[in-house]
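Student: I would like a close look at one pair of packed elements in this model, and then at how the rest is arranged around it.

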Amino acid sequence: MADVAAKERRILVAVDEGDESMHALSWCLSNLISENSKDALLLLYVKPPRAVYSTLDGTGYLFSSDIMAAMDRHGYDVAESVLEKAKRMCKDLHDVKVESIIEDGDPRDVICQMTQRLGVDVLVMGSRGYGLIKRAFLGSVSNHCAQNVKCPVLIVKKPKSTVANN
């Protein structure tokens, strides 16, 4: 059993702007990572592809390269902000190596690709808790990843707050 505990695990946590992913990270820090482990915690933020406007908007006006650059910069700033918040949550980890990664693309595909490329031992992600209809139309990133990655996937659901407790 000691050999299992000493092995460095590579734990990938997919983070985004939602409370669900930060709850999943918090749960991971409390339940998966032990104080003196040699684990590596990989924080992944996937910037979704920009809407396909080309350089024309719907009314036929041309987007300038400045506007396109500003949109890209904003996307990068959001990614940095999310990862900074996630890294602050990890500040008390001493022996755990924390690495942040920003990738571009469809989160479903990128998370699966990065899990494989990075040799991850476990993927941790939050769940938005979409109902059946919404999930059918919007798709579920966590469900897609659970079906397609080769490592164990831990989907952490954020408890629903109840009106009676407020």
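Student: Within what distance do the axes of helix 4 (residues 107-117) and helix 6 (residues 141-148) come, and at roughly what angle do they cross?

Tutor: The axes of these two helices come within 9 Å and cross at roughly 35 degrees. This is a predicted model, in which local features need pLDDT of at least 70 and side-chain atom pairs count only at pLDDT 80 or more, while totals for chains, interfaces and linings use all residues. Residues are numbered from 1 along each chain as its sequence is written, and side-chain values use heavy atoms, with hydrogens and water left out.

Axes here are lines fitted to C-alpha atoms, for helices over the stretch in contact, and angles run from 0 to 180 degrees between N-to-C directions. The crossing of helix 4 and helix 6 is right-handed, that is, the near helix is turned clockwise from the far one by less than a right angle. Helix 4 contributes Pro107, Arg108, Asp109, Ile111 and Cys112 to the meeting, and helix 6 contributes Val141, His144, Cys145 and Asn148; contact means heavy atoms within 4.5 Å.

Now the setting of this pair. The protein has 6 helices and 5 strands, which are DSSP runs numbered from the N terminus (helices H or I, at least four residues; strands E, at least two). Their pattern along the sequence is α-β-α-β-α-β-α-β-α-α-β. The 5 strands form an open sheet in the order 3-2-1-4-5, paired in parallel; a pair needs at least two DSSP bridges. Strand 3 (97-104) and strand 5 (153-157) are at the edges with a single partner strand each, so one side of each has no neighbour in the sheet. On average, neighbouring strands are turned by 25 degrees against each other, direction ignored.

Strand 1 (residues 10-15) is joined to strand 2 (residues 40-47) by 6 bridges, with alanine 14 partnered by leucine 44 in strand 2. Helix 2 (residues 19-31) packs on the sheet, where it touches strand 1, strand 2, strand 4 (122-127) and strand 5, and its direction makes about 135 degrees with that of strand 4. Helix 3 (residues 65-89) also packs on the sheet, touching strand 1, strand 2 and strand 3, at about 155 degrees to the direction of strand 2.

Strand 4 is joined to strand 1 by 3 bridges, and isoleucine 11 stands opposite valine 122 in strand 4. Strand 4 is largely enclosed by the rest of the structure, because 6 of its 6 residues are buried, buried being under 20% relative accessible area with a 1.4 Å probe on protein chains only (exposed is over 50%, partly exposed in between).

Helix 2 has buried residues too, namely Glu20, Ser21, Met22, Ala24, Leu25, Cys28 and Leu29. These pack against strand 1, strand 2, helix 3, strand 4 and strand 5.

As for the cysteines, there are 0 disulfides, a disulfide being a pair of cysteine sulfur atoms within 2.5 Å. For cysteine 28, the nearest cysteine sulfur belongs to cysteine 90, 8.1 Å away; cysteine 28 is buried at a relative accessible area of 0%. For cysteine 151, the nearest cysteine sulfur is that of cysteine 112, 9.2 Å away, and cysteine 151 is buried at 12% relative accessibility.
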